[in-house]
Amino acid sequence: MQENKIQESATPKNVDNKENKFSKESKFSKEQLLAAKCFENRKDIVDALLVQGKQYTIKEVQQKIENYMKGEVK
């Protein structure tokens, strides 16, 4: 079960760090992203924007949040 969780230190600032196990290209489920420390302050937005059963990269989620905040939800 532990391997299904996003590494807690994976934040937008250090996601591309070579020491980090995950990169922005790794894909995660909605549940994993909701549990991720890097989105702990955006759980409501992440929950509303992501579809159950689909997987997303950190970069995709960040872009969805940014578009939502600008009023450009697609």
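Q: Which residues make up the largest nonpolar core, and how many are there in all?
A: Before we dig in, this is a predicted model, where local features need pLDDT of at least 70, side-chain atom pairs count only at pLDDT 80 or more, and totals for chains, interfaces and linings use all residues. Residues are numbered from 1 along each chain as its sequence is written, and side-chain values use heavy atoms, with hydrogens and water left out. A nonpolar core is a set of buried (under 20% relative accessible area, 1.4 Å probe, protein chains only) Ala, Val, Leu, Ile, Met, Phe, Trp, Tyr and Cys residues joined through side-chain atoms within 4.5 Å. Here the largest one consists of Phe 28, Leu 33, Ala 36, Cys 38, Phe 39, Ile 45, Val 46, Leu 50, Tyr 56, Ile 58, Val 61 and Ile 65, so the count by that definition is twelve.

Q: Which helix gives the largest share of this core?
A: Helices are DSSP runs of H or I with at least four residues, strands are E runs of at least two, and both are numbered from the N terminus. H2 and helix H3 (58–70) each supply at least two core residues. The largest share, three residues, comes from H3.

Q: Which salt bridge partner does Asp 47 have?
A: A salt bridge is a side-chain nitrogen of Lys or Arg within 4 Å of a carboxyl oxygen of Asp or Glu, and the whole structure has two of them. Asp 47 sits in helix H2, and the pair links distant parts of the chain, reaching 17 residues away to helix H1 (residues 30–35). At 3.1 Å, N to O, the partner is Lys 30.

Q: What is the relative accessibility of Lys 70?
A: Lys 70 pairs with Glu 66 in a salt bridge, with the closest N and O atoms 3.1 Å apart. Both lie in helix H3, four residues apart, about one turn of the helix. Glu 66 is partly exposed at 36%, whereas Lys 70 counts as exposed (over 50%) because its value is 52%.

Q: Which residues is Val 51 in contact with, leaving aside neighbours within four places in sequence?
A: Val 51 is in the loop between helix H2 (43–49) and strand S2 (55–57). Contact means heavy atoms within 4.5 Å. By that rule, the partners are Lys 30 and Tyr 56.
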